Amino acid sequence: MPRPPAIECADLTKRFGGFTAVDHVSFTIAQGSIFGFLGPNGSGKSTVIRMLCGILEPTEGRARIAGLDVAEDTDALKGTIGYMSQKFSLYDELTVSENLKFYGRLYGLRRTALARRRDELIALARLEPYLDRRASLLSGGWRQRLAMACALMHQPTVLFLDEPTAGIDPVARRELWDLLFEFAGRGMTLFVTTHYMDEAERCSHVGYIYMSKLIVCGVPDDLKQRPEVNPPGTRRLDVTCDHVTVGLQSVRQLTGVLSATVFGQSMHLLVEAGLEESALRDRLTAVGIHQADIRPIAPSLEDVFVTLTGRHTNGGQV
Amino acid sequence: MNGLFRGFYAILYKEFIVVLRDRATLFFMFFPPLLQIIAFGFALDNDVKHMAMVVLDEDHTVESRQLIDDFVNTQTFRVVGEVGSVQEMAVAIRRRQAYVGLQIPPDFSRRRRDGQTARLQVLVDGSSSTIALQALNTALGIGFRESATLLLTEAGRDNLPIEVRPQVLYNPAMLSPNFFVPGVIGVALQIATVFSTAMSLAREKERGTIEQLLVSPLSRWGLMLGKLVPYLVIGMIMAMSLFAILRWVFFVHIVGSVAALLVASLLYLFTLLSLGLLVSIKAENHMQAFQMAMVVLMPSIFFSGFIFPRETMPWIFYAISTLLPATYYIELMRAIILRGASLHDFAFHLGVLAVMGLVLFSLCALLFRKRIT
């Protein structure tokens with residue numbers, strides 16, 4: 001018998017009064033995936049997570065976690081899922097060790113089972129040096145590691161993380177992702193919301209929610225191949241040059257250039273396929289950009305989201 | 001505990017640590033009640049003694065000086081000065097230099113000797129009614145006693161036709177602290193406990209930790225009981241300290257059994273803490289919890305019989321007072337502490353507190369939504 005998908009939802013909808021926070025969202029996530037859930041603030045990310053965790057009742061639609069209905073099988077659901085909310089979800093007055101003990105007890109772990117599981121997670125999240133430190137005195141990265149360890153005390157098979165890396169430093173961010181990969185490797189399904197494109201690129205699956213609607217969902221590489229992202233007769237170029245921000249406006253006006261966006265020290269251009277590199281170079285020189293380094297590139301996830309968001313806003317069909 | 005109270009031990013464990021580590025909360029739980037009992041115990045003293053009195057003696061005789069002495073000897077008045085006119089007397093009272101003015105007219109001793117009615121004028125500042133009432137009663141008492149003595153002499157009798165022999169039970173010295181302090185205990189316990197639980201869930205909502213509890217298998221009953229028990233323990237410690245102050249600072253003799261006091265206090269605290277939890281369930285944040293708790297607590301300051309006797313209240317306030325846990329607790333306290341009543345004597349009051357507590361606690365568990373809205 002095939003295993004049920006880790007998460008599947010169909011037409012999941014949440015309305016608060018006249019406001020639709022989540023509008024007919026449907027997707028399926030296989031077990032063991034790392035699902036990156038992106039979207040601007042207020043687009044409905046947290047609302048989806050709360051419905052999937054069974055703490056917010058959907059107005060319409062259904063969702064199942066490992067085969068369990070989120071609205072009906074709430075009790076069984078609770079042992080299956082772990083949730084790390086957007087707000088810092090630990091008790092400041094408790095030490096690292098006490099927080100772990102509290103969350104373990106909350107899920108019914110006792111004595112030896114509790115101690116064993118706590119030791120496992122302490123080792124996994126490398127929390128040993130901080131065991132007796134109050135949670136309020138931990139830095140952002142360590143707080144998140146502790147929060148994650150707490151959410152894992154009862155060995156959930158699906159873990160929801162609502163912006164786990166918001167506001168923590170790059171090193172801590174990378175370490176946290178290393179941990180996430182480790183969990184995914186053990187068969188756990190991870191549902192992560194984020195604003196960082198580099199994090200999205202690391203996910204096995206991504207979804208992008210915009211104005212309450214899921215406008216794109218799939219494997220990153222597949223999404224980058226979609227025709228909307230690569231309109232026929234166009235190609236994408238990376239132009240590395242000096243003063244990228246200064247030249248951006250004039251580059252956008254050039255004949256043959258369909259769009260231009262700054263990426264660090266370079267510009268990403270979407271140009272007509274017929275535009276020769278030498279012709280582009282001449283036009284760049286004409287607007288004062290000399291010695292540009294031009295090379296073709298594949299679209300990034302950001303390109304995917306920007307393109308599809310634009311089509312969505314313009315009323316186009318995805 | 002499994003089943004109904006699932007997660008109780010986890011919450012109990014966490015809540016005890018949080019309460020004991022949060023020194024500020026602990027301080028604000030203990031400090032106000034202690035301050036209240038000390039302040040109210042000393043300040044709420046209805047026994048008016050040695051109130052300031054100015055005298056306008058226009059008679060200047062042995063009799064008039066004897067009369068002034070009679071006033072002073074009651075210990076109710078003390079002479080703070082002599083004035084030259086009625087106007088000056090009125091000014092002294094208006095400026096709060098005196099509460100009472102005694103005017104003895106020039107013909108006082110003459111009329112008294114001649115068998116006519118000798119008149120005395122007593123001006124009393126009615127702006128503080130308790131003091132005015134006592135001044136008035138004492139002044140009238142002096143008049144009657146003097147008159148009776150004169151009449152007895154005239155009639156050749158040496159005994160009064162009627163003599164009242166009052167015997168004041170339970171608080172023979174009629175000391176105010178004996179009446180007030182048990183009431184203060186009721187009010188003081190209430191403020192500390194209701195606020196503490198009212199804040200505790202509101203804080204989880206504000207910090208977002210509530211979501212973490214909601215996704216767990218914790219039961220509503222387990223959460224409520226786990227939140228309540230640590231404060232019940234702290235509340236009992238507080239109650240015992242207040243009884244100690246009652247006994248050793250205000251020297252109120254506790255006639256009844258201490259066990260009875262503790263049983264009554266336990267029921268009362270359970271009711272109050274449930275009330276606080278109920279507030280916490282409805283409030284979204286600290287500020288709302290604080291304001292709602294104030295609204296809940298206000299009536300009991302006025303209507304619980306803490307200061308004003310319930311018997312003299314208009315029916316609407318009396319009706320309100322029957323809904324307040326403090327009403328029953330304060331009556332219980334006075335009964336046990338001053339009159340040595342047993343729990344059996346006041347089974348009704350205990351029953352009411354127990355029912356209130358259970359109803360409020362059940363409401364907490366039933367109204368608490370395991371989902372966010």
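In the predicted model, B:Arg21 is partly exposed, with a relative accessible area of 26%. Its salt-bridge partner is A:Glu98, with the closest N and O atoms 2.8 Å apart. This pair crosses between chains, joining helix α1 of chain B to helix α3 of chain A. In contrast to B:Arg21, which is partly exposed, A:Glu98 is buried, at 14% relative accessible area.

Between chain B and chain A, three salt bridges are counted. One links the side chains of A:Arg50 and B:Glu211, at 2.6 Å from N to O. On chain B, the side that touches chain A draws at least two residues from each of α1 (8-21), α7 (176-207) and α8 (209-214). The most are given by α1(B), with eight residues. By class, this side of chain B comprises 13 nonpolar, five polar and 11 charged residues. The contact as a whole takes 33 residues from chain A and 29 residues from chain B. About 2,900 Å² is buried between the chains, and carbon and sulfur atoms give 55% of that area.

Over all chains, the structure holds 30 salt bridges. Within chain A, the side chains of A:Asp92 and A:Arg143 meet in one of them, at 3.8 Å from N to O. A:Asp92 lies in the loop between β6 (81-84) and α3 (96-106), and A:Arg143 in helix α5 (residues 140-151), 51 residues apart. A:Arg143 counts as buried at 18% relative accessibility, while A:Asp92 is partly exposed at 22%.

A further salt bridge in chain A joins the side chains of A:Arg173 and A:Asp198, at 3.3 Å from N to O. A:Arg173 belongs to helix α6 (residues 170-185) and A:Asp198 to helix α7 (residues 197-202), so the pair ties together parts that are 25 residues apart in sequence. A:Arg173 counts as buried at 15% relative accessibility, and A:Asp198 as partly exposed at 39%. In chain B, salt bridges with shared partners join B:Lys14, B:Glu15, B:Glu204 and B:Lys227 into one network.

The largest nonpolar core contains 173 residues, among which A:Phe160 and A:Phe191 touch the most other members. Helix α9 (residues 220-248) of chain B gives the most to this core, with 15 residues. Residues up to four places away in sequence aside, A:Phe191 touches residues including A:Phe27, A:Phe35, A:Phe37, A:Leu52 and A:Phe160. A second, separate core has 18 residues, among them A:Leu237, A:Val251, A:Leu254 and A:Leu284.

Notes: Residues numbered from 1 in each chain as written. Chains lettered and ligands numbered in written order. Predicted model: local features only at pLDDT ≥ 70, side-chain atom pairs only at ≥ 80, totals over all residues. Heavy atoms only, no water. Contact = heavy atoms within 4.5 Å. Buried area = accessible area lost by both parts, 1.4 Å probe. Salt bridge = Lys/Arg side-chain N within 4 Å of Asp/Glu carboxyl O. Helix = DSSP H or I, 4+ residues; strand = E, 2+ residues; numbered from the N terminus. Nonpolar A, V, L, I, M, F, W, Y, C, P; charged D, E, K, R; others polar. Core = buried A, V, L, I, M, F, W, Y, C linked by side-chain atoms within 4.5 Å. Buried < 20%, exposed > 50% of the residue type's maximum accessible area, 1.4 Å probe, protein only.
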